[in-house]
Every structure is written in structure tokens, then in C-alpha cells.
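Me: Hi! I would like to learn how to read a few backbone features in a model. Could you walk me through them?

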Protein chains: 2
Amino acid sequence: MSFVVDRQFFTFAQEEPFRLESGATLSPVTVAYETYGTLNAAKSNAILICHALSGSGHAAGLHDEADAKPGWWDECIGPGKAFDTDQFFVICSNVLGSCYGSSGPPSINPATGRPYGLSFPVVTIGDMVRAQVHLVDHLGIAKLLCVAGGSMGGMQVLEWAAHHPERVGAVIPIATTARHSPMLIAFSEVGRQAIYADPAWNQGAYYDQPHKPDAGLAVARMVGHITYLSDESMQQKFGRRLKAREKYGFEFQTEFEVESYLKYNGSKFTERFDANSYLYVTKAMDYFDLTEATGTLTAAFHRSEHLKYLVISFTSDWLYPSYHSKELVRALNGVGADVTYLDIESSWGHDAFLLEVETMTNLLGSFIGRLAREAGV
Amino acid sequence: MSFVVDRQFFTFAQEEPFRLESGATLSPVTVAYETYGTLNAAKSNAILICHALSGSGHAAGLHDEADAKPGWWDECIGPGKAFDTDQFFVICSNVLGSCYGSSGPPSINPATGRPYGLSFPVVTIGDMVRAQVHLVDHLGIAKLLCVAGGSMGGMQVLEWAAHHPERVGAVIPIATTARHSPMLIAFSEVGRQAIYADPAWNQGAYYDQPHKPDAGLAVARMVGHITYLSDESMQQKFGRRLKAREKYGFEFQTEFEVESYLKYNGSKFTERFDANSYLYVTKAMDYFDLTEATGTLTAAFHRSEHLKYLVISFTSDWLYPSYHSKELVRALNGVGADVTYLDIESSWGHDAFLLEVETMTNLLGSFIGRLAREAGV
């Protein structure tokens, strides 16, 4: 049994608009978030968790005792877990542009009284993190003990380290990159093209229509799901097994288990995610390049040499291959930072960061334990 | 300048229907094909080339002197090339189920006078190859010197070796597998789902409609294109470069070069390929499993130990990773076959079989030279 937690909301930029990297502004800005554990008197035990593309601020616990599933990283957040809520105050917020309570394309534009749709401004990973800085200010926390996250969550983690180094003591970027590769951009774009191709998308103006672009969004999600697995994990999980039949049907029905898995997950996703948010969040990832302003990764981290880093990658992750993490580690070594790096042997592909619970628990637990000891928490 | 060649047609099963692996029948069956070079008097110098998913029987030369592009493997087929048409008689035919002149879903069903659409029977790699056997019979060739092809072409090559070993002296399976993996099935299925999701697909009955399912087919092709490249080749080819602009646009337009490449290729593909054929041909690939009847690969080749094999894979091909070829080579060693295997160092991913022309020319040329010497051609 997990604990019950409430989603909270913080709204800022009601008067002075929030200026985005694009130059556009947003006003007001709402951030949906959850917290687990108790902030100590010194406000020195706060850990921020950053979520991935399809995640939300609901990282742990249940919203209701009847909930079938807990938050997305419940295996690692809670009493006695890697992010031990008996000792730490853990925060997770939904990113800007998403659809789990923070401002995004499905939000109501106060100027029109209708959902923004495509009139919502394009946001970046930097914008998402600056909204998190506002939230941390609101919670009265001057410095986070640590920021952690995998995949797009890891991009936010690196953004914290590079651009807000005075506000965080340590970071844990997992299965991520400092620079979105052309292959990653290509997969993002295919997902977006699948959504654009759905007539129900209607240039993003579907909120008051009878149909949403579910078919396009489902295809985008199916592509995503393949990339989160690995050739080996698919062999283990599905092989060439047929679903609920013994022989090939010689027809265009779902026959193989792997087809059934993709179709189920594609369809389920449309019940919980917004197609426009998929466009915005993938676009933010595509724009992510910490070297853009500085030219090199070493230069990007020149103010961040005093942070502690735990960098984690997985051997079978072909979406964010280990070389991305190794480049990062080289750059961090270049500025003389305190870096621990592990390339974890796993067959689970990119999803390993959510599935290798025992290894992750040991690794995260001991790193955070060390942070707590050194910070006197 | 390349030579000019004509497409030819061979029709069989006009009286006795062609029985497919599914148990369904097809009548008549048309095979579109081309030949290059001259069949010798002994009919001992014939080489059959098998094409991949989106290919055709137009493997070399031009259809017209004004053609902008020659056939798909023109770099390797022609006078003095790897498949030297001064010495060999090279045949390439369009596979059943495709849309380049052989019987497929866009063909007219003689029973109705209208295109088959989804009433075309589902075909297998085995069916495609048995149609090729009919063509080879028609050409009066008792035994092919060699059968060669990459990707799905390689599956046909293996089918020839395993099921028609008395009709071929040697085979060259390139960048392929004897058993379509769940990851390959998953990518096929995503492509099919993108087509199904397009309302213009209309359950395959779009031939007399004003719109074809171009949007869905383009998405399917874009997914395909990513899988034919490699992370490294995309870094080399595109990097994070923007197309025709210097700064991020912060809008949902094609901005990165890799996006532009995908969109262009997706769109171009709809001008030349049929969406239903995409369904049929990918389905045939998904069903391909040489171990299905026999349990093991060694058993699948138990009648094929007297053939000569040149097996080729590419180090950066993550779609048909080298381990597929290595498993095949182990099985062929197991039956005591004459096998040459090369895992070619290349950064071009699956597309390497079309791009590594110099390496391929040397390798194919010397293997075929040996075959010709040994066969006294």
C-alpha cells in the first residue's frame, strides 16, 4: 500500500508576464505539483524530481485509496525507498506545455476564455526549469539538496546544473543527453507528423470538437514505445508469439503479441494525454542543446564545477546511448566536478531507468545518503 | 550513362490457380520483371536479384534515356560491375503484393473488374519466391547460378536456399534475417497503423476515391527511413543543422534538416508506392520465419548444404543487427555448407547495403567470379 497524496497548484506571473526563451510571454503561469515527506526547519532536505515526456507531477503515492496505479516513480520515492520521504522533502511538478495541470495548450487562455491550442507559446526545457525555480521560491527553498530525473527529466536536471548552479547542491541525470541528437529529433518529428496527419487534429483546435486526434496520437505513442524498449527486451518480452491464436490468420488483424502491446498502449495513451501537449513537449526536447550558447559542454558547465553529479546510463538504451552520458562525464571532468558515473548493464533499453529498481535504489540511495551526510541533513 | 531497359510481364496460373501458403488461391498471377545481359546457350549464367520492401523489378538501367534515376541497384548491376552483365544474365522481378506491375492489391481482380484492394490474398515470402520459380521456369532456366538480395530481398534469397535448393547454386543474403524479430514486426505494425489511421485508407477501398491515404503512408515511410539510417550516420548527414534558417522558429514548422529529409522522403514515397501494397509486403516480412516448420535454422537448411553462401551484414545496422547473420552462419556451418561471412564496418546503418558500393563491388565481384569459374561459365 502506498500513501495518499494531493495534487497542488501554484500560479505566478499574474501581473508581470513570464518571459519565455522564444521572446513570447505567458501570463499567468500555473504549475501543478506534489510533495512527499516534510520540509525540515532549515529547508535543506528538498529534492526535486523531474519527469519525462509523458509523465506528470504525480511521481509517487495514490491520489485516492482506490487508485489502481501509484505515481510514475513510486518504486523509488517513499518511506525507506531511494528517495526516502522519512528523511527528505520530495517535490515533483508537471512541466509547462504538458496536460497534467500545469499551463499548456489545453489550458484556458484568459484572454479568450477558450483553450490555447496552438496559440500557446512554444516552450523550452529552460522555460520548464525556470517555472520550477518559481515553484521552489514559492516553497521558500533557497537551495535544493538534489535534482533528479530520467530522459527528458534528465535534460531538466542538466539545465538546473548549467543555468541555476547556485540553487542546487547535486544532480542526477539519468538516461539522458545534453544535446538532442538528430535521431531523437527524427523520432519526435515522426510522432508529430502522425498527429498532424490526423484530420481530427484540426490545427490544434479540437477541444470543442466531437473527435480528438486519437488515431494520430496513438501512432505517435506506438513509435515511442518501440524506442523505449530494446531489440533484446522485445525478444524476451514478446518473441514471435501470437496473441490468442495458434496460427497465422493471413489477414490484417493484430496477431503478434508485440502488435497487441503497441496497440493497447497507443490506445490507452489517448485516454490520458493531449495531442497538442505531445507536440509542445517533444519540440522542447528537440530544441534542447546545452552547447548552443557556449559552443562546448565544458563551457556550459563552467559555473557548475562545485556541484556533485551522479550520471547514469544503460547499456541497451539505444535512444539515449551511453556515449551521450560519457560525453557529459568528460565535460564535467573537464571542469573538475565531483562526478560518479555508472553505465548500468541492462537489457531493458531506455525504459531501464524505470525498471531496474533494485540497482537504481542502491545507487541513488547511497549517493543521496552521502549528500545528506555532507550537508548535515 | 546507363543502358535502357524494358519492363516485361509474365502471367501464369490462368487455368490452374496459384495456391498460396495461406490456402487461398490467386488466378491469374502476373510477374513484372526485367533482365540485363544475355542468357548463354547452356543457360548457366543466370543470376536472380531480389528487391526489398519498397523496391521493384527495375534494378538497373533506365526505362527511358530521359529518366533522372536508374534502377535501384544500378551501382552493382551492369557492364563491368559486381553483377557483370557482359558475363551474366541478371533477372529482377517485382514481388507479389507490391505495386510495380506484379499482381498485388492495386491489380484488377478479373472476377469483379475492379482493383482487389483488401480482397487480394495475403502473401508470404515463400509465395513471392514460388512466383519467381515460375518465372525462372518460363525463362527455361533449370538452375540459377546465384540469387542475391538485401533486407527483404535477403529473406527471399534464404527462402530460395531453404526451399528450392535444387534450383540454385549459390546465394547472397545481405543485411537480413532468417526470422523477423519482434522489433521488426513492431516497426512494420506502426507503419500499418499509420495507414489504417488515415480516413482516406477506407479499409483499402480508395482506388476510385478522390484521395489516397497519402498522409498515413508518408508517416509509415518516415518511420522506415529512420530505421534505415543509424544514429551515427544521422549525426554525419544532418547533425542539429537547421534548414534554410539560422535560428529556432519556436513554431511547428519543419526546422531541422533531418525533419526536412523525412518529410520530403515521406511525401515523395506517396507518389510511387501504394498504401495497400505497403500493408501486404510488410505483413509478408513479419510472417517470415524459416524456423517455423523445422524448429531450428540448422534443420531449415538440411537440404541446402551443397549450396555456396556469401553472408553479409553491417556493423551499424540496428534494424537487422549482425547477430541475425551470425546465427545464420552458425546454422550453415552446422550443416557443413560452404559459407563466407563478412560483417562490414560501416556507419550507414541498414542502408549500407545500397551505399557501401566499393566494398560490395569487391566482395560480390570476387564471390561471383569464383562461382563462374567453378561452374565453367
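Reply: Happy to! Let us begin with burial: a residue is buried if 20 or more other C-beta atoms lie within 10 Å of its own, exposed if 12 or fewer, and partly exposed in between, with C-beta atoms placed from the backbone. This is a predicted model, in which local features need pLDDT of at least 70 and side-chain atom pairs count only at pLDDT 80 or more, while totals for chains, interfaces and linings use all residues. Residues are numbered from 1 along each chain as its sequence is written, and chains are lettered from A and ligands numbered from 1 in the order in which they are written.

Me: Is Ala244(A) buried or exposed, and why?

Reply: Ala244(A) counts as exposed because it has 8 C-beta neighbours inside 10 Å. Its phi is near 55 degrees, a positive value in a residue other than glycine.

Me: Where is Ala244(A) found?

Reply: Helices (H or I, at least four residues) and strands (E, at least two) are DSSP runs, numbered from the N terminus. Ala244(A) sits in the loop between helix 5 (231-237) and helix 6 (257-272) of chain A.

Me: What about Ala13(A)?

Reply: Phi is positive there too, near 60 degrees, and Ala13(A) lies in the loop between strand 1 (8-12) and strand 2 (18-19) of chain A. With 17 other C-beta atoms within 10 Å, Ala13(A) is partly exposed.

Me: Which peptide bond of chain A is cis?

Reply: The one from Ser27(A) to Pro28(A), with omega near -5 degrees. Pro28(A) belongs to the loop between strand 3 (25-26) and strand 4 (29-36). In chain B, the bond from Ser27(B) to Pro28(B) is cis, with omega near -5 degrees.
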